[in-house]
Amino acid sequence: MYVRTFKYLLLVSQVKLLPFIRRLSGNYWIRCLFWIIIKVNRLTIEAKIDSSELSGLLWEKLPIEASVNLWGDEIYFKTNLESQSNQLQQVVDIGDVAFWPSGQAVCLFFGLTPTSTPDEIRPASAVIVFG
C-alpha cells in the first residue's frame, strides 16, 4: 500500500472545487446546485453531485483548495467536512466522487486502488458516494 502526493515542477499540485454556473440561454445564468468543477493541475472535470446533506455541506464550503494525494488510481484530498451518514460503500465505480469519513477527505475514483480486486474498485475503507 502506498500514498504519493503529486509534485510537479511547473504545475501547482492543488485541487480546486468550484461551484458550476451553467448558461441556459441568451444572457441568463443560473447556479446549478448539482454540478461542481474539479481542477487538478491542468485537468478540469465537471462532476454531478447529488442533493444529499453532504453535498450541501460541500457546496457551502466552495471553493476548496487543497493538496492532492494519489492512492493507486484514486485522487483524494483533505477537507474539514464531517458526515454521520450511514450510506457507506465498500465498492465504488470509475468516476465516483465520494467522501471518506475516516480521513475527512473527498475522493475521486478513476481506476483501481491497492485494495481493489480485478472486478471491483475498493477504497481504503468505506466511503459515502455523492457524485
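A salt bridge is a side-chain nitrogen of Lys or Arg within 4 Å of a carboxyl oxygen of Asp or Glu. By that criterion, this predicted model holds one salt bridge. The protein chain of 131 residues, of which 40% count as buried, has one helix and ten strands.

**Overall fold**

- From the N terminus on, the order of elements is β-β-β-β-α-β-β-β-β-β-β.
- Among contacts in the protein chain with a separation of 6 or more, 63% come from residues 24 or more positions apart.
- The protein chain has an accessible surface of about 8000 Å², and carbon and sulfur atoms account for 53% of that surface.

**Nonpolar cores**

- In soluble globular proteins, nonpolar side chains tend to be buried together.
- The largest nonpolar core comprises 22 residues, and the members that touch the most others are I36, L58, V106 and F130.
- At least two residues of this core are supplied by each of β3 (28-40), α1 (53-61), β5 (64-67), β7, β8 and β9 (105-109).
- A second, separate core has ten residues, including W71, Y76, A105 and I121.
- Residues up to four places away in sequence being left out, V106 touches L58, I75, Y76, F77, T79, L81, V97, A98 and F130.

**The helix α1**

- The buried residues L54, S55, L58 and W59 belong to α1.
- These four residues span an arc of only 140° around the axis, and therefore lie on the same side of α1.
- E53 and E60 are exposed on the other side of α1.
- L58, one of the buried residues of α1, is also one of the residues that touch the most other members of the largest nonpolar core.

**F130 and the segment after β10**

- F130 is located in the segment that follows β10 (128-129).
- With a relative accessible area of 3%, F130 falls under the 20% limit and therefore counts as buried.
- Apart from neighbours within four places in sequence, F130 is in contact with K48, I49, D50, S52, L54, S55, L58, V97, A98, F99 and V106.
- Three of these partners, L54, S55 and L58, are among the buried residues of α1.
- F130 and E53 are 77 residues apart along the chain, yet their C-alpha atoms are separated by 9.6 Å.

**The aromatic pair**

- A pair of aromatic rings is described by the distance of the centres and the angle of the planes.
- The structure holds one aromatic pair.
- The ring centres of Y76 and W100 are 5.9 Å apart and the ring planes stand at 85°, so this pair is edge-to-face.
- The two partners are 24 residues apart and link distant parts of the chain, with Y76 in strand β7 (residues 74-78) and W100 in strand β8 (residues 97-100).
- Both Y76 and W100 are buried.
- Y76 is also a member of the second core and a contact of V106.

**The salt bridge**

- Side chains of opposite charge can pair when their charged atoms come close.
- The partners of the salt bridge are E120 and R122, whose closest N and O atoms are 2.7 Å apart.
- E120 has a relative accessible area of 29% and is therefore partly exposed.
- R122 is likewise partly exposed, with a relative accessible area of 26%.

How values were computed:
Residues are numbered from 1 along each chain as its sequence is written. This is a predicted model: local features need pLDDT of at least 70, side-chain atom pairs count only at pLDDT 80 or more; totals for chains, interfaces and linings use all residues. Side-chain values use heavy atoms; hydrogens and water are left out. Rings of Phe, Tyr and Trp (its six-membered ring) pair if their centres lie within 6.5 Å; planes under 30 degrees apart count as stacked, over 60 as edge-to-face and the rest as tilted. Buried means under 20% relative accessible area, exposed over 50%, partly exposed in between (1.4 Å probe, protein chains only). A nonpolar core is a set of buried Ala, Val, Leu, Ile, Met, Phe, Trp, Tyr and Cys residues joined through side-chain atoms within 4.5 Å. Contact means heavy atoms within 4.5 Å. Accessible areas come from the Shrake-Rupley method with a 1.4 Å probe; for residues, only the protein chains shown count as cover. The arc is that of the directions from the helix axis to the C-beta atoms.
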